[in-house]
Amino acid sequence: MGLTRLWGLLKPGGPGLATHRRQILRDNVPLSRILPQAEGERLERLVGDFLDRKHFEGCHGLKVTEEMRVTVAGYACLLLLRDPVGDFPQLGTVVVYPESFAAPIRSANHVGIVTETVEERLGESWREGTVVLTWDSIREIIAGMSGDCNVIIHEFAHQIDARRGLTDGAPLLALRGRYRDWDDLLPAEQRRQRTALRRGRPASLDAYAFTSAEELFAVATECFYMRPVRFRNSHPELHAELQAVYGVDPAAWVLSAEC
Ligand SMILES: [Zn+2]
């Protein structure tokens with residue numbers, strides 16, 4: 001079966017979004033305003049399907065609103081615009097905390113002594129079907145105050161990554177045979193960042209990206225969608241890899257919107 005035929009079979013169906021949801025999407029997810037028409041229509045269908053399929057749960061007294069649901073779905077579904085499955089199949093529930101939450105961390109040293117600490121988190125992606133987010137960091141994104149950072153995109157990039165069953169920063173693309181081993185990309189990007197810092201240039205990727213291949217993938221995905229033109233210029237190799245992964249080039253959307 002050809003790719004076009006399969007794409008036609010798998011694309012989400014149903015009508016576009018209700019007017020109030022469309023307005024939230026436009027207001028809170030700026031890329032949705034500059035998408036080419038076909039991608040814009042597909043995003044609306046994906047968001048509608050996401051809202052139908054996924055359960056949202058507020059924690060610590062937070063009441064989940066329509067704005068929260070549509071904003072989360074809007075950013076998450078940007079990652080699915082060319083995805084043949086059009087879903088995060090393992091995901092059942094999105095949990096939203098009002099603000100950063102404490103997560104217990106267990107670690108063992110080289111002689112096997114286990115210590116437990118507590119870490120403040122803004123988000124988490126569990127392979128067992130849950131994404132955890134915080135409303136105060138989502139509000140920062142909506143206000144345009146988060147810079148390159150987008151915890152929604154970050155955690156859903158981990159969901160994409162986990163589809164192959166192993167979270168290792170080299171996501172399986174259902175119909176794309178091509179991806180590089182992100183373990184190979186990690187040291188090269190570390191060297192690039194160190195050189196930039198030595199030359200007095202600002203760090204272009206958050207230091208957290210260099211903790212592992214899967215974090216490099218998630219952090220680079222944030223930049224790919226949040227600062228697409230700058231990212232394409234500063235990291236052409238990573239940009240090309242992510243363009244192959246997601247099948248879109250957000251830098252092209254931004255540049256054509258500026259014309
Ligand atoms: Zn992460």
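How many bridges join β2 to β6, and do the two strands run parallel or antiparallel? Five bridges join them, and they run parallel.

**View 1. The whole chain, a predicted model.** This is a predicted model, where local features need pLDDT of at least 70, side-chain atom pairs count only at pLDDT 80 or more, and totals for chains, interfaces and linings use all residues. Residues are numbered from 1 along each chain as its sequence is written. The protein chain has 11 helices and six strands; these are DSSP runs numbered from the N terminus, with helices being H or I of at least four residues and strands being E of at least two. Of the 259 residues in the protein chain, 36% are buried (20 or more other C-beta atoms lie within 10 Å of the residue's own, with C-beta atoms placed from the backbone).

**View 2. The open sheet of four strands.** Here the strand order is β1-β2-β6-β5, with mixed pairing (two strands pair if DSSP finds at least two bridges between them). At the edges sit β1 (55-58) and β5 (123-126), each pairing on one side only. From one strand to the next, the twist averages 15°.

**View 3. A look at β6 and its partners.** Strand β6 covers residues 130-134, and four bridges join β5 to β6, running antiparallel. Across that pairing, glycine 123 stands opposite leucine 133, while glutamate 124 stands opposite valine 132. Tyrosine 97, for its part, stands opposite threonine 134 in β6. Strand β6 is mostly covered, with four of its five residues buried.

**View 4. The hairpin turn.** Zoom in on the hairpin that β5 and β6 form, with three residues between them. Look for glycine 129 in the turn, which has a positive phi of about 105°.

View 5. Helix α5 (residues 135-142) lies across β2 (93-97) and β6, and runs at about 70° to β6. Helix α6 (residues 151-162) lies across β5 and β6, running at about 15° to β5. For these angles, axes are lines fitted to C-alpha atoms, for helices over the stretch in contact, and angles run from 0 to 180 degrees between N-to-C directions; two residues are in contact if their C-beta atoms, placed from the backbone, lie within 7 Å.

Technical notes:
A residue is buried if 20 or more other C-beta atoms lie within 10 Å of its own, exposed if 12 or fewer, and partly exposed in between; C-beta atoms are placed from the backbone.
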